[in-house]
Amino acid sequence: MLRPRPAALVSLMRAAGGGRRCRDPSGGPRLPSLCSAPPAQPVIAAKEPFLVELQAGKSYSWCACGHSKRQPFCDGAHRTEAPALSPLRFSPARAGAALLCGCKRTRSPPYCDGSHRENAGQAAPPAPRA
Ligand code: FES
């Protein structure tokens, strides 16, 4: 049986991958189809944060995918809409009002850090008022 030489195989894989180098964890070449998969991205649930009352010590699941109908909390929609994403579980140390991220681009999840202002050009409905 004819087997391609490793160097020829690497050339073929680089050509298929647009010349990008892509390695598996052991350092060997990886299939281009595995290299080109973009990381999962959440959708913008709202262009502004959600104001919520949190209880100290209570466990919450903040929706990280943006598909939940119970924003800003998870309703399980990520299982079908964004299987690569999962909710962020957190338990606040203090009770009180908090602004939880609605644009899903915060750098300090689950809390709003103002990132929604950077994403103002993207389409999303305003956050519903309670
Ligand atoms: S529905 Fe968005 S993380 Fe669960």
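Modeller: Asp 113 and Arg 107 form a salt bridge, with 3.6 Å between the closest N and O atoms. That term means a side-chain nitrogen of Lys or Arg within 4 Å of a carboxyl oxygen of Asp or Glu. This is a predicted model, where local features need pLDDT of at least 70, side-chain atom pairs count only at pLDDT 80 or more, and totals for chains, interfaces and linings use all residues. Residues are numbered from 1 along each chain as its sequence is written, and side-chain values use heavy atoms, leaving out hydrogens and water.

Biologist: How many salt bridges are in the whole structure?

Modeller: The search finds 2. Arg 107 also pairs with Glu 118, the closest N and O atoms being 3.0 Å apart, and Arg 107, Asp 113 and Glu 118 are linked in a network.

Biologist: Is Arg 107 buried or exposed?

Modeller: Exposed, at 58% relative accessible area (buried is under 20%, exposed over 50%, partly exposed in between, with a 1.4 Å probe and protein chains only). Glu 118 is exposed too, while Asp 113 is partly exposed at 30%.

Biologist: Switching topic, how many cavities of 30 Å³ or more are there?

Modeller: There are 2. On a 1 Å grid over the protein atoms alone, a cavity is a set of points where a 1.4 Å probe fits but cannot get out, and lining residues have an atom within 4 Å of a point.

Biologist: What lines the second largest cavity?

Modeller: Its lining includes Cys 63, Cys 65, Cys 74, Asp 75 and His 78, and the space is about 40 Å³.

Methods: 1 Å grid on protein atoms, 1.4 Å probe; cavity = no way out; pocket = protein on both sides within 12 Å on 5 of 7 lines; lining within 4 Å. Points joined across faces, edges and corners; volume = space filled by probe spheres on them.
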